[in-house]
Amino acid sequence: MTTKMSTVARNWSMLAHSSACIFHLFLPSLGVLGPLIIYMFKRSDDEISYHARQAIAFQLAILLGTWTLAALGTALSCFLVGFVLYVPGLLLWVAGMVVPVIAALRVNDDQPYQYPVTGHLVARDPPRIAP
């Protein structure tokens, strides 16, 4: 059973997901930046920080996959087969754009959402560090 989020928390959570999409559109390496900024300023709110951490984890996975495919494609281009890895790289770029939009829409509808592949890596209630 989930509790309804306040309007402010819902808006900030939507911004965490959509900012990942906006930053990813212009430079995929910066897809992490928007959710990271929101997490830094709103980490005291559990709902907002959870959605920001979900977006950060997903964008880091997309970034790691893209860099891996680019490195493999560059290495294999010597053998004229590196271009084959451009298709999965393009699919990762599209996933980095589409999945945050789906997440933002789900948050707007007050439905629970976890990113594919990385969603289970982010704990709902992170442990608190005592001062």
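This is a predicted model: local features need pLDDT of at least 70, side-chain atom pairs count only at pLDDT 80 or more; totals for chains, interfaces and linings use all residues.
**Entry 1: the chain as a whole**

I began with the secondary structure and found four helices and zero strands in the chain. Read from the N terminus, the order of elements is α-α-α-α. I then looked up the extent of the chain: along the principal axes, the C-alpha atoms fill a box of roughly 55 × 35 × 25 Å. The chain has 131 residues, of which 35% count as buried. For contacts with a separation of 6 or more, I noted that 67% come from residues 24 or more positions apart.

**Entry 2: H1 against H4**

Next I took up helix H1 (residues 7-26) and helix H4 (residues 86-108), whose axes come within 8 Å. How do the two helices run relative to each other? Their axes cross at roughly 165 degrees, and an angle over 145 counts as roughly antiparallel; H1 and H4 are therefore roughly antiparallel to each other. I recorded the crossing as left-handed.

I then listed the residues that make this contact. H1 contributes Arg10, Ser13, Met14, His17, Ser18, Cys21, His24 and Leu25. From H4 come Trp93, Gly96, Met97, Pro100, Val101, Ala103, Ala104, Val107 and Asn108. Sorted by class, the contact of H1 with H4 holds 10 nonpolar, six polar and one charged residues.

**Entry 3: the buried side of H2**

In helix H2 (residues 33-42), I found Gly34, Pro35 and Ile38 buried. Where do they lie around the axis of H2? They span an arc of only 90 degrees, which means that they sit on the same side of H2. I set beside this the general rule that an α-helix has 3.6 residues a turn, so residues three or four places apart point the same way. I also checked what covers the buried residues of H2, and the cover includes H1 and H3.

**Entry 4: Ile56**

Is Ile56 buried or exposed? Its relative accessible area is 13%, and buried means under 20%, so Ile56 is buried. Leaving out residues up to four places away in sequence, I found that Ile56 touches Val32, Pro35, Leu36 and Tyr39.

Conventions. Residues are numbered from 1 along each chain as its sequence is written. Side-chain values use heavy atoms; hydrogens and water are left out. Buried means under 20% relative accessible area, exposed over 50%, partly exposed in between (1.4 Å probe, protein chains only). Contact means heavy atoms within 4.5 Å. Axes are lines fitted to C-alpha atoms, for helices over the stretch in contact, and angles run from 0 to 180 degrees between N-to-C directions. Angles under 35 degrees count as roughly parallel, over 145 as roughly antiparallel, 65 to 115 as roughly perpendicular and the rest as oblique. A crossing is left-handed if the near helix is turned anticlockwise from the far one by less than a right angle, and right-handed if clockwise. Ala, Val, Leu, Ile, Met, Phe, Trp, Tyr, Cys and Pro count as nonpolar, Asp, Glu, Lys and Arg as charged, and the others, Gly among them, as polar. The arc is that of the directions from the helix axis to the C-beta atoms.
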